[in-house]
Amino acid sequence: MIIAVVIVLVLIVIGLIIYNVKIHSKIQKFRNINQRITNLSVVQDFINAIGETSSVDQKIKRINEILIEKYEIKYSTIVVFDGAEYQVKASNVDSKHWDSLRSLQDVDMFKDSIETATPKYVTVNDEKERLPYQQMEFGRAKSAIFFPLYIDNVYIGYWIMESGTPHDFDNVDTSVLEIIKENIVSVLKTIVHQKTLETIVRKDLFTGLYSEEYLYGEGKRIIDQYTISTICMFKIINLQKINKETCRELGNKVITKISEYIKENISSEYVFVRYMGPKFVIAFSGVDTNAVAGFLNDIKEKLESLNISLTDQEIQESKLEVTENKKECKGVVRAKLNFVISSYYKGTGLEEVLKKLEEYLDTADANESDITNI
């Protein structure tokens, strides 16, 4: 009887073990599926962050926020080398600790990680201990994983995630973290071109207007706040003639007068830049072409009626040394303008629209002075 009871109990225990194993397997499978869903969600959020109308630095900060929110990371910091120094691009750690966080490449325990392009996990065993790289911090982080970041085999910085609990990352799925790291690299690689454009933006000497590059960075951020906008490009078609038959100083005066008038008469929501040489661009954010045509007609009529000349003082202050040329500079000229406009839709190629407008102006009849919608 006792033997029978023991056998039954053993069978029950074996059955429970098999049941628990199956349950554990199902739970693990569910966790893996849930993790994949989370990863897909994070990737989608990353893509949305890239597409947001914001600067590169704002996008990186948003990416870090997504990591913290989705994976419940206590501390997350992204550090990037800009060619001159390491900069904390995104972090939820108090800024008073950033000096040590942007110097981790100098810490011996992380040097090997950088050289071998492998992550480094560090932790303490006691709450009273501190991580070796922490100089002024005793209670903030007790465990951390350091990920060096590479773009096309070129080291560009690192991502470090930290926890206030010892051994908190002992059982973390490193394959998931590798996917996150690769997503961070993909984002940094995607937006590096935008950063280049933001860096090379300059202002024109005569007009104080931003250059063409502004359109692809901050300018696009402003324009893309609306679904549809009108892009206008115009050309001072007789500028070369003014420079040749009078003097370049008078040609410069024509450019500044036209720029000043337009700046004073358009909304601050519109983007106005000197595109190249005699060509300028006005982006009418959130306005369709039909609404722009009448306004441009008025602008064109007013600009072409301006009598532009140099004052005696401006002539004397010019760098001209030949007396005859200075006499020619005393003439009065009027600008002749050719306008072309086109619709731009958010999310499409702004550079393609500009290329199309420029090609039209460059191939138009030398005497064409009109407003054309293409």
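Nine bridges join strand β6 to strand β9 (residues 337–345), and the two run antiparallel. Strands here are DSSP runs of E with at least two residues, helices are runs of H or I with at least four residues, and both are numbered from the N terminus. Two strands count as paired if DSSP finds at least two bridges between them. One of the links is between Ile231 and its bridge partner in β9, Ser342.

Welcome to a predicted model: local features need pLDDT of at least 70 and side-chain atom pairs pLDDT 80 or more, while totals for chains, interfaces and linings use all residues. Residues are numbered from 1 along each chain as its sequence is written, and side-chain values use heavy atoms, leaving out hydrogens and water.

| Strand | Residues |
|---|---|
| β6 | 228–236 |
| β9 | 337–345 |

Let us end with one residue. Met233 lies in β6 and is buried (under 20% relative accessible area, with a 1.4 Å probe and protein chains only), its own value being 0%. Not counting residues up to four places away in sequence, Met233 touches (heavy atoms within 4.5 Å) residues including Tyr275, Phe280, Phe339 and Leu361. The C-alpha atoms of Met233 and Leu361 are separated by 8.3 Å, although the two residues are 128 residues apart along the chain.

Notes. Buried < 20%, exposed > 50% of the residue type's maximum accessible area, 1.4 Å probe, protein only.
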